[in-house]
Amino acid sequence: MEEAKGQAHVAKLIQTQRATRQYSEQKVSEEDIRLILNAGRRAQSSKNQQPWSFIVVRDPAILQQLATGGKYADHVPYAAFAIALIASNAGGAADFDLGQAAAYLQLAAWDLGIGSCVTWMHFSEKAKEVLNVPDDLNFQVLLSFGYPVPQEQPQTPKKNGRKPFDEVVHWERWS
Ligand SMILES: Cc1cc2nc3c(=O)[nH]c(=O)nc-3n(C[C@H](O)[C@H](O)[C@H](O)COP(=O)(O)O)c2cc1C
């Protein structure tokens, strides 16, 4: 049974979580990486198929190579580690499932003060090659993690960072 470690209330974590692309040089312990991974594998999934595998990358040389797999991935080489989300199915419910796992991984990390960023692997075949991912599996999303550089990482939600409540919420019916 994995122990929860963080103390923060989940609503507070959600409110303060931001995409983190500037990482300090502080390493993340293996214990904390395992704790984050355990949160990810607890995510719900359609028919409980758990259509995911996670590849943990700590080697800076491999992180550097992974940065060539995305169009907006310049931050990846500076991460303390990354987790490649490998999917055994693509599309429909599986995409949703992987999104859930990603959210859990990221929230569990943030609970430990570790920031993260989703990075899309636009050049998926190239990225698969870097990690020796078998042909029949999909690799579209990389999560990079690291302690934020304090002065670069605001601790409050970004002003106007999300659409206003009334623009996105409808009650009972659309109109
Ligand atoms: C599906 C998806 C793909 C993303 N791809 C990238 C990416 O390739 N590079 C990147 O720097 N950020 C990427 N992001 C991060 C978003 O830009 C970020 O979550 C969004 O701008 C909100 O940022 P904030 O939480 O700091 O307000 C991606 C996020 C998602 C959910």
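**Before you start**

The model is a predicted one, in which local features need pLDDT of at least 70 and side-chain atom pairs count only at pLDDT 80 or more, while totals for chains, interfaces and linings use all residues. Residues are numbered from 1 along each chain as its sequence is written, and side-chain values use heavy atoms, with hydrogens and water left out.

**Stop 1: the whole chain**

If you follow the chain along its sequence, the elements come in the pattern α-α-β-α-β-α-β-α-β-α. The radius of gyration of the protein chain, taken over C-alpha atoms, is 17 Å, close to the 16 Å that the globule rule gives for 175 residues, so the chain is as compact as a globular protein of that length. That rule is 2.2 Å times the number of residues to the power 0.38. Along the principal axes, the C-alpha atoms of the protein chain fill a box of roughly 50 × 40 × 40 Å.

Now switch to a surface view, where the accessible surface of the protein chain comes to about 11,200 Å², with 50% of it belonging to carbon and sulfur atoms. Such areas come from the Shrake-Rupley method with a 1.4 Å probe, and for residues only the protein chains shown count as cover. Of the 175 residues of the protein chain, 40% count as buried, where buried means under 20% relative accessible area, exposed over 50%, and partly exposed in between (1.4 Å probe, protein chains only). Among contacts (heavy atoms within 4.5 Å) in the protein chain between residues at least 6 apart in sequence, 81% join residues at least 24 apart.

**Stop 2: the ligand**

Select the ligand together with the eleven residues that surround it, of which the closest are Ala19, Arg21, Tyr72, Val118 and Arg162; a residue is near a molecule if one of its heavy atoms lies within 4 Å of it. Coloured by class, this shell has five nonpolar, two polar and four charged residues. In this scheme Ala, Val, Leu, Ile, Met, Phe, Trp, Tyr, Cys and Pro count as nonpolar, Asp, Glu, Lys and Arg as charged, and the others, Gly among them, as polar.

At Tyr72, a polar backbone atom is 2.8 Å from a nitrogen atom of the ligand, and at Trp120 a polar backbone atom is 3.0 Å from an oxygen atom of the ligand. At Arg162 it is a polar side-chain atom that lies 2.9 Å from a ligand oxygen atom. Taken alone, the ligand exposes 630 Å², and the protein buries 63% of that.

**Stop 3: Ser116**

Move to strand β3 (residues 115-120) and select Ser116, which is buried, with a relative accessible area of 2%. The side chains of Ser116 and Gln106 are joined by a polar contact of 2.9 Å. Leaving aside neighbours within four places in sequence, Ser116 is in contact with residues including Gln17, Ala19, Tyr23 and Phe145.

**Stop 4: Lys71**

Select Lys71 in the loop between α3 (60-66) and β2 (81-87). Lys71 and Phe123 are 52 residues apart in sequence, and in space they are 8.0 Å apart, C-alpha to C-alpha. Not counting residues up to four places away in sequence, Lys71 touches Trp120, His122 and Phe123.

**Stop 5**

Asn48 sits in the loop between α2 (30-41) and β1 (52-57) and is exposed, with a relative accessible area of 52%.

Glu172, in the segment after α6 (165-168), has a phi near 65 degrees, again a positive value in a residue other than glycine, and counts as exposed at 78% relative accessibility.

Finish at Pro150, in the loop between β4 (138-146) and α6, which counts as exposed at 64% relative accessibility. Draw a line from Pro150 to Ala90: the two are 60 residues apart in sequence and 37 Å apart in space, C-alpha to C-alpha.

Notes. A polar contact is a pair of N or O atoms within 3.5 Å; within protein, one must be able to donate a hydrogen and the other to accept it, and residues adjacent in sequence count only if both atoms are side-chain atoms. Helices (H or I, at least four residues) and strands (E, at least two) are DSSP runs, numbered from the N terminus.
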